[in-house]
Each structure stands twice: as structure tokens, then as C-alpha cells.
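Please look over the sequence and the coordinates below. The paragraphs that follow go through the ligand site, the aromatic contacts and the backbone in turn.

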Amino acid sequence: MSTDTLAAPVAERLTPAVRRRRGDISWRRVAFGLLGLLITALVWELVAALKHDPVILPSVQSTASTFWDYLSQKYPAQGKTLGQHALVSAARILAGWGAGVVIGVALGGVMASVRIVRYLLDPLIEITRPLPPLAFIPLFIVWFGIGETPKFALILIGVVPVMIIATVAALDAVPTELVQASRSLGASAFWSLLTVRLRSALPSIITGMRLAMGGAWTSIVAVELIAATSGLGYVINNAGVNLQTPLVISGILAISVLGILFDGALRLLHRATDPTAR
Amino acid sequence: MTTMPQLDTRPAVEIVGVRKQFAGRSRRSPGRLALDGFDLTVKQGEFLCLLGPSGCGKSTLLNMLAGFTQPDGGQVLTDGTPVDGPGPDRGVLFQTPMLFPWLTTLGNVLYGPRARHELSADARRRALDLLETVGLSDARDAYPHELSGGMRHRAAFARVLVNKPRLLLMDEPFGALDAITRVAMQKFLLELWQRERITIVFVTHDVEEAALLGDRVCVMTGSPGRTQAVIDVDLPRPRSIETTETLEFVTLKRQIREALDNEH
Ligand SMILES: Nc1ncnc2c1ncn2[C@@H]1O[C@H](COP(=O)(O)OP(=O)(O)OP(=O)(O)O)[C@@H](O)[C@H]1O
Ligand SMILES: [Mg+2]
């Protein structure tokens, strides 16, 4: 085909696309966000000064210095540093959540493609979905003891249904015509499944992964509060029993930092897979 | 793609006695007969418009030609061979452009060659040429959501044409466009067809569009869908929007409309 333009009139009328960066940081937004944090810290400091009781509410500085100290100092004495406890919790999260995501996406993929499997699993998911995973803690301790297995199982039971539902919904939402388009462009059924059906569902699946991550944190902290000798939940519980409020708050802050890191990574992944979100 | 010499003597499309029934909602309710004993022949290089009321089976017919669905009876042949599943020899343009939103314009155009593992330097050059032809050179790195409605349609065109289809199947492709863009796209399509001489089966609701574009207009009635009339359009080519103001055009439109109203 020659290179002269058939659509010249059309091209003249419609302005050429200019790609805009929508990810530009708005400085106003950042400034006000920081201001909000600052005000919270000030109110906290004020209340702490008025209460004058470090067990009920330690000052901002004492909390910050506790946080800093325990990053290198072991708690309890023969235990791990705050950083190491955080790593233990993070590892549990990643193992349980990672396995849950793989299982959930696989099961969801099969359910979205094979009707019989969907009929088979739908009621099971409907029954388990409304249950808070925490209700299973005693059962899992009876079954699996207090090692890593019950913690893994607990995260799994929270993550898998969320991922199945997200995957099935995402795959169901892929327009048939999009798959048909790829097939009539010469894609084999398998190639089309891979590069269109799954690809099209990917951003929504990643959103499901973010939701599941939130649930996984709830589960792991809860089970660490009750049955663990390491992890941030254990630190928080143990420090609370010993009235070391600054360390309790430090543990909470550590969870927040890890949560933001993990969610940030997933948000980046989402942005990378969905051009419309950029 | 190599074409055998005798290929051109065969009709591009042959639909013989096609029947298509959709299952009813429940086991007891009767199935819905969308098409029954439908015949249609389209010559090589012909521009055929399928016109008919909503629900008369136009999309069903096109889906069978594309290979998305199978007929329950009768035969659907393209270039003399029965249709067996979708393929790049039959380019499909839907009512909405159905671009892949995660690929750039160029990525969309190159999807076909990539899927068939034929992504050569030649295919790449061809894709760039086609983007030039459809006036999207500047938008080749843009994503579909950054394009206007008309630009998306032209990108979909390029994505199909890069596979050198012998047949274009278009299901109300301009139905969702505003009047101005629609006229521009019709002009674009006519010029493209004049140049490439691909066979086109074009589904539309619009009498004027059918008369302006087609060599023949197949007027259908439902249901089950059958041919009410096949009307030859003897207007001179090349046609443009001015053609619609001539007396012959108005007469032709009336003829088509009468065939449409003439159900039963
Ligand atoms: N998947 C389906 N299941 C059941 N019935 C269907 C299905 N697809 C189409 N039909 C029926 O078949 C008939 C023809 O449908 P079709 O979509 O081909 O009509 P159409 O001529 O393209 O209409 P329109 O102009 O509104 O697009 C309709 O009566 C419709 O209800
Ligand atoms: Mg239709």
C-alpha cells in the first residue's frame, strides 16, 4: 500500500493525539497531605503533654526514639529487633498471600472457563466468603499447632476466596468481541486466552490482590497476637502486656509502613498494566 | 498470502440455505429461529450492504461468515471453502472498534502479525504505512483511550488491513459515530475500497448509507431472517456525499425503503 493519505480530510479535522502525563504530582496535594500529618502529630503531642502519662499516651519524640532504638535492639531481650520481627511478619504475609493469589487466580480461571467447576465451587465460596478468617484461629491451632502452618492456612483462607471472586468477575467482564477480534486477527485460541482474555482481566485481578493484601495483614497480626513468638503482632501484644506503650505504637507504625510499601508496589504494577489509569 | 488464479472466479461469499436457531431460555420454550433457508452470493471485489430491521439476523449472518458461530443447517463458504473458525483472511470490524486498551495504536496494528508469529521488518513497515494511510502516524504511540472515536475506528481498520484480508465484514461500524465523523469514515471507506478492491459485506440500519456505499443492497426481513429484495445500485463511482443529492439517489432510496416496508 502506498504511503499517501486517504484520510487527509479526517486527519486535518481531528487533532493528533498528544500524550499527556496524568501522573504529574500536584504539589498542592502533597503540601496539604503533609499538613494533615503534621496537625495529627501536634494534637497527639498536645494530648500527651496534658495527660502526662507515658503508659496511656507517650510523646511523639519518645515513640520515635523507641522506634529507632528497637530497630537495632532486640525485643524481648533474647528475641529479635523490630526490623527482624517486621521481616518475619512480611515473610509470612508474602508466603501466604502469594500462594493464595496463585491458587485463587488458578481456581478463578478454571471457574470462569468450565461451567461445571463453577457450579461445584460457587456454593463453597458463598459459604466461606462472609466468614471472618479470624474465626478459624482456634480451629487451625488445634489442627496445626502454633507453628507456621496455622498462620499460612489462616492467610490462605482469607486470600483465596477474594482472589477467586476477583478473577472470575474480571474474566467475565472481558467483552466477547475483544476475544473474537483477536481470533479473527489470526490468534490461536490459546494465544488469545493468554494475550487478550487474561491480559484484559489483569488490572482488575491486581486490584483484587490489593484487597486480599489488606485482609492478609488483619489475619497475620491477629494470629501473631494470640499464638506466636515472633512477628509484629507478637511485639505489639507483648509490649502491651508489659505496658511499653511506645513500643506498641512503634509496632503499629511498622505495620503501616510495610502495608504502604506493599500496596505501593501493587499500585505501581496496576499502573504498569492499565494505560487508562496512568 | 498466495492466491490461486482460479480463486477469483469463485464467489467471495456463498451462503446456501443457512438456518440458525438459538436455544430458548427454558427447556420448554421453543428456540428462536434467527435465520431459515437464507441464500446470498457476493462476487469478488463487490461491496454488498445488508440492510434490515433490528433482530432480523444480520449480526448472526456476519458472525457465521467470521467463523464465530456455526450454522445449524446449510453452508457458508468464502472463496469456495467452508468457513471453519475465525481467521485473518476475513477481517472483522465491530460496531465499537474493540481495540486492545493495553496496547498502543501501533501495538494494536501489529497484534495480528505478532499473534501469527509473522512479525517481520516487512510487517512493521506495512503497519507504519497503513497508519500513515489512515492518518494516524502521529498517534502511533498513543493508547486507544487517548484517541477520538473516529481515530479509534481508523486504528481498527489498520489493524485489520495489515493482515491483507480478502473479505471485510463490517457490522454497523459507524453506527455509534456522530454525523460528521460518520460521513468522513464513509468517504474513507469508499476510497479504501476503490483502491484495494477487497470484498466487503457491510451491515447497516441506514438506507442512505446502504445506497451510498453498496454495489448491491440486500434488504432483509425478520424473523426468521430472509431476503426481501436484492437491489442493484447503479450509481456511478467514485461516489461522494454529493451523490446523495442526485435524483437517482433519491429514487433508489425510495425503492429500498419500499422494499423494507414491504414485509409480508
Ligand atoms: N446469542 C443469542 N442467543 C439467543 N438469541 C439470539 C442470540 N443472538 C441473536 N439472537 C436472536 O437472533 C435474532 C437475530 O439477531 P441478530 O443479532 O442477528 O439481529 P440483527 O439483525 O443484527 O439486529 P440489530 O440490527 O439490532 O443488530 C434476534 O431475534 C435475536 O433475539
Ligand atoms: Mg446486529
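Predicted model: local features only at pLDDT ≥ 70, side-chain atom pairs only at ≥ 80, totals over all residues.

Polar side-chain atoms of several shell residues approach oxygen atoms of ligand 1. For B:Thr60 the distance from a polar side-chain atom to a ligand oxygen is 2.5 Å. For B:Lys58, an N or O atom of the side chain is 2.7 Å from an oxygen of ligand 1, and for B:His205 a polar side-chain atom lies 3.0 Å from a ligand oxygen. Taken alone, ligand 1 exposes 630 Å², of which the protein buries 65%.

The next topic is the aromatic rings. Over all chains, a search of the whole structure finds 13 aromatic pairs. One of them joins A:Phe140 and A:Trp143, with 5.9 Å between centres and 40 degrees between planes, a tilted arrangement. Why are these two residues about one helical turn apart? They are three residues apart in helix H6 (residues 137–144) of chain A, so about one turn separates them.

In chain B, the rings of B:Phe157 and B:Phe188 have centres 5.1 Å apart; their planes meet at 85 degrees, so the pair counts as edge-to-face. This pair links distant parts of the chain, as B:Phe157 is in helix H5 (residues 149–161) and B:Phe188 in helix H6 (residues 179–196) of chain B, 31 residues apart. Both B:Phe157 and B:Phe188 are buried.

Two arginines of chain B also sit over rings. The charged end of B:Arg159 is over the ring of B:Phe100, at 4.7 Å from its centre. B:Arg197 lies over the face of B:Trp193, at 4.4 Å from the ring centre.

The backbone comes last. Most peptide bonds are trans, and most residues other than glycine have a negative phi. The bond from A:Tyr75 to A:Pro76 is cis, with omega near -15 degrees. A:Pro76 is in the loop between strand S1 (74–75) and strand S2 (80–81) of chain A. Another cis bond joins B:Arg237 and B:Pro238, with omega about -5 degrees. B:Pro238 lies in the loop between strand S10 (226–232) and helix H8 (247–261) of chain B.

Where is B:Asp79 found? It is in the loop between strand S4 (73–78) and strand S5 (81–82) of chain B. Although not a glycine, B:Asp79 has a positive phi of about 50 degrees, and at 13% relative accessibility it counts as buried. B:His117, in the loop between helix H3 (111–115) and helix H4 (121–133) of chain B, has a positive phi near 55 degrees. B:His117 is exposed, with a relative accessible area of 61%.

Conventions
Residues numbered from 1 in each chain as written. Chains lettered and ligands numbered in written order. Heavy atoms only, no water. Polar contact = N/O pair within 3.5 Å; in protein donor to acceptor, adjacent residues only side chain to side chain. Areas by Shrake-Rupley, 256 points an atom, 1.4 Å probe, with all protein chains shown as cover. Phe/Tyr/Trp six-rings, centres within 6.5 Å; stacked < 30°, edge-to-face > 60°. Helix = DSSP H or I, 4+ residues; strand = E, 2+ residues; numbered from the N terminus. Buried < 20%, exposed > 50% of the residue type's maximum accessible area, 1.4 Å probe, protein only. Lys NZ or Arg CZ within 6 Å of the ring centre and 35° of its normal.
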